[in-house]
Amino acid sequence: MKLLVIAGTRPEAIKLAPVISVTRRRGCEVVVCATAQHREMLDQVLRLFDIVPEHDLDLMRPNQSLPDLTARALTALAPVIDAVGPDWVVVQGDTTTAMVAALAAFYARVPVAHVEAGLRTGDLARPFPEELNRRVVDVVSAAHFVPTPTSRDNLRAEGLSDATLYVVGNTVVDALLAARTLECPPVPAVPEPAAGERLVLVTAHRRESFGEGMRQIARALRRIVRAHPDVRLVYPVHPNPNVGAPMRELLGAEPRVHLIPPLDYLPFIHVMARAHLIISDSGGVQEEAPSLGVPALVVRETTERPEAIAAGCVRLCGVTEEGIFAAADELLSDPAAHARMARAINPYGDGHAAERIVSILRGEPWTPFVAGSTPPTGTAPPGRAGR
């Protein structure tokens with residue numbers, strides 16, 4: 001079996017690294033292609049997990065537009081797929097890279113395996129353009145590796161065959177557990193909270209929040225710090241000026257707010273583990289925070305990850321100053337409310353998602369992930385390797 005694994009951003013690399021590792025450990029051939037949709041943030045994850053791409057398209061350009069990136073990625077990926085001749089093209093998530101790679105594989109009549117399939121908000125504008133991207137990938141995929149039964153049910157409702165749906169858990173848990181075992185040197189940009197201080201970690205970068213949404217988030221963060229003198233807030237700011245400009249304007253003068261450059265994955269995981277509370281619009285953080293037992297507030301209007309909300313470890317609080325402040329103020333003021341979220345059970349995986357994925361692609365027996373139960377053994381998918 002030969003896999004062509006295609007990644008372009010940091011989240012893709014994090015969630016595909018366990019698949020690459022297990023594939024190699026089990027003696028299969030895997031070829032990695034990096035589109036470098038995001039150059040620096042992708043590279044540091046590849047280095048961490050000792051992944052050297054056989055093909056590096058180096059597509060990132062300053063201020064790249066979605067049409068430009070999409071067109072360049074499609075024309076660059078087509079000859080790679082032809083040259084490699086894989087049994088499967090493996091993509092992850094909902095990025096432009098994932099969507100274009102799946103489309104290019106479909107044009108080449110190579111089956112697509114979609115890792116983290118089936119996530120939906122039901123609103124094409126939120127998140128933008130990710131909701132469209134993942135729908136396109138799912139339409140052309142021959143194997144859908146869904147993280148939870150909820151994601152499987154989303155695809156069932158869209159008419160996809162059960163024969164292509166595999167509940168495996170989320171590979172983000174595999175990657176997180178591996179990263180927690182690695183030694184992490186101190187991060188100078190992240191201050192050690194003084195005695196009695198609590199660390200609040202923030203990430204926010206969603207395109208649909210650009211403009212007034214980012215300003216609402218910034219004002220809420222300023223109120224949180226001013227209302228809670230024991231809070232020290234750390235915000236690794238995305239390089240996009242639509243994020244950095246309003247944050248520096250509204251938070252730059254606050255003495256207990258630290259606006260720092262983006263952190264590499266390993267130090268970010270270790271900072272997350274130290275946090276008392278996380279405020280974020282990141283999909284990955286919604287999955288990672290429950291694995292670490294840290295309550296998370298999601299600064300979005302919708303989420304494609306309702307499982308953690310149902311489990312009680314994540315709360316959706318919108319993109320308004322009042323909604324964000326009220327939710328954070330409750331968790332910072334009420335120890336019982338904080339403890340309930342911190343103790344909630346993570347619904348996203350057990351650290352064996354990549355093992356399940358590779359077993360399925362190899363046509364081997366496997367046991368689906370369903371939290372709290374042991375479903376029957378599954379069978380191989382209808383792609384080339386399963387025939």
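Here is a short chat about helix packing and nonpolar cores in this predicted model.

Residues are numbered from 1 along each chain as its sequence is written. Local features need pLDDT of at least 70, side-chain atom pairs count only at pLDDT 80 or more, totals for chains, interfaces and linings use all residues, and side-chain values use heavy atoms, without hydrogens and water.

Me: Why are helix 10 and helix 11 called oblique to each other?
Reply: Their axes cross at roughly 55°. Under 35 degrees counts as roughly parallel, over 145 as roughly antiparallel, 65 to 115 as roughly perpendicular and the rest as oblique, so this pair is oblique.

Me: Which residues make the contact of helix 10 with helix 11?
Reply: Happy to list them: Y265, F268, I269, M272 and A273 of helix 10 meet V285, E288, A289 and L292 of helix 11, where contact means heavy atoms within 4.5 Å. They divide into eight nonpolar, no polar and one charged.

Me: What makes helix 7 and helix 11 an oblique pair?
Reply: Helix 7 (residues 171-180) packs on helix 11 at about 50°, with the axes 10 Å apart; the pair is therefore oblique. V172, V173, L176 and R180 face E287, E288, S291 and L292 there.

Me: Where does M272 sit in the largest nonpolar core?
Reply: M272 is one of the residues that touch the most other members, among the 63 in that core. Such a core is a set of buried Ala, Val, Leu, Ile, Met, Phe, Trp, Tyr and Cys residues joined through side-chain atoms within 4.5 Å, buried being under 20% relative accessible area. Helix 1 (residues 10-25) gives the largest share, seven residues.

Definitions and conventions. Axes fitted to C-alpha atoms, helices over the stretch in contact; angles between N-to-C directions. Helix = DSSP H or I, 4+ residues; strand = E, 2+ residues; numbered from the N terminus. Nonpolar A, V, L, I, M, F, W, Y, C, P; charged D, E, K, R; others polar. Buried < 20%, exposed > 50% of the residue type's maximum accessible area, 1.4 Å probe, protein only.
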